[in-house]
Amino acid sequence: MRIAVVDYGIGNLHSAHKALLRVGAEAELVEDPAAVDIADAVVLPGVGNFGACMRALRSRGLDRSVSAAVAEGRPFLGICVGMQMLFESSAESPDTPGLGVLRGSVEWLPESVKRPQMQWNRLEVDGVDPVIGPVGDWYYFVHSLAAVPADPSTVVATVDYGGPVTAVCRSGSVTAMQFHPEKSGEAGLALLRRWVDWAREQTRVA
């Protein structure tokens with residue numbers, strides 16, 4: 001199974017790529033939209049400003065390939081700002097539309113808490129998820145905004161940070177997580193391994 005880690009020139013691309021290699025994935029950093037188009041599964045990492053990330057993605061023509069991967073039902077993983085970019089808009093960059101493959105917006109964390117959330121936090125899992133599992137582990141978060149999906153049923157895990165904050169969404173072939181599994185030690189590597197195993201299974205079924 002070939003996994004394309006989308007390289008649009010911004011963010012934690014290399015650390016996400018190396019973490020996938022550590023768990024035995026056949027992952028490759030790709031800049032060419034054509035390489036995304038032929039991948040069996042796609043990973044979209046990201047850190048920094050929503051608008052800058054979206055502009056970089058679009059300037060390379062990678063936005064169309066990312067949207068096509070989701071539309072075709074290929075296993076897809078969005079990480080941190082890579083998760084946020086999948087939504088329709090972000091309060092951080094209101095003039096820059098997101099990819100819109102997930103309905104909803106990205107909003108600032110409450111003013112009552114320190115922004116960014118820069119800490120380890122424990123997932124609260126709703127039910128049993130094939131990637132997250134039935135019990136939430138501790139993962140590393142660095143973010144000032146969080147997704148507010150239009151369909152609450154897509155939220156499979158939250159964290160408590162001044163109230164419930166969306167940590168993981170799942171919609172069809174898309175898994176999107178606000179935290180950084182590649183910076184979350186053994187728990188993060190185990191989660192990436194489960195995602196890779198799940199993606200392989202989905203590829204075989206397809």
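Two strands pair if DSSP finds at least two bridges between them. Strands β12 (residues 164–171) and β13 (residues 174–177) are joined by four bridges and run antiparallel. The model is a predicted one.

Now widen the view to the whole sheet. Eight strands form an open sheet with mixed pairing, in the order β2-β1-β3-β4-β13-β12-β11-β8. The edges are held by β2 (26–30) and β8 (124–125). Each has a single partner strand, so one side of each is left without a neighbour in the sheet.

β1 pairs with β2 in the parallel sense, over five bridges. In that pairing, A4 stands opposite E28 in β2. β1 also pairs with β3 in the parallel sense, over three bridges. There the bridge partner of I3 is A41 in β3. β1 is mostly covered, with four of its five residues buried. In a regular strand, side chains alternate between the two faces of the sheet.

Helix α1 (residues 13–22) touches β1 (2–6), β2 and β3 (41–44). The direction of α1 makes about 165° with that of β2. Helix α4 (residues 62–71) lies across β1, β3, β4 (76–79) and β13. Helix α4 runs at about 125° to β4.

Which residues of α1 are buried? They are L13, A16, H17, A19 and L20. Just after α1, G24 takes a positive phi of about 90°.

Next, the charged pairs. Side chains of opposite charge can pair when their charged atoms come close. The structure has five salt bridges. One of them joins D40 and R2, at 3.6 Å from N to O. This pair links distant parts of the chain, 38 residues apart. D40 sits in the loop between α2 (33–37) and β3, while R2 is in strand β1. D40 counts as partly exposed, because its relative accessibility is 22%. R2 is partly exposed too, with a relative accessible area of 40%.

A second salt bridge connects E72 and R74, with the closest N and O atoms 2.9 Å apart. Their surroundings can be read from accessibility. E72 counts as exposed at 55% relative accessibility, whereas R74 counts as buried at 10%.

R170 and D129 also form a salt bridge, with 3.2 Å between the closest N and O atoms. R170 lies in strand β12 and D129 in the loop between β8 and β9 (138–143), so the pair ties together parts 41 residues apart in sequence. Both R170 and D129 are buried.

What about the cysteines? The structure holds zero disulfides. C53 is in no disulfide, and the nearest cysteine sulfur, that of C80, is 8.9 Å away. C53 is buried, with a relative accessible area of 0%. C80 counts as buried as well, at 2% relative accessibility.

Finish at helix α6 (residues 185–205), where T203 has its place. Is T203 buried, exposed or partly exposed? T203 is partly exposed, because its relative accessible area is 30%. Leaving out residues up to four places away in sequence, T203 touches M1, D40 and P75. D40 is the residue that also meets R2 in a salt bridge. T203 and G133 are 70 residues apart in sequence, and their C-alpha atoms are 20 Å apart in space.

Notes:
Residues numbered from 1 in each chain as written. Predicted model: local features only at pLDDT ≥ 70, side-chain atom pairs only at ≥ 80, totals over all residues. Heavy atoms only, no water. Disulfide = S-S within 2.5 Å. Buried < 20%, exposed > 50% of the residue type's maximum accessible area, 1.4 Å probe, protein only. Helix = DSSP H or I, 4+ residues; strand = E, 2+ residues; numbered from the N terminus. Contact = heavy atoms within 4.5 Å. Axes fitted to C-alpha atoms, helices over the stretch in contact; angles between N-to-C directions. Salt bridge = Lys/Arg side-chain N within 4 Å of Asp/Glu carboxyl O.
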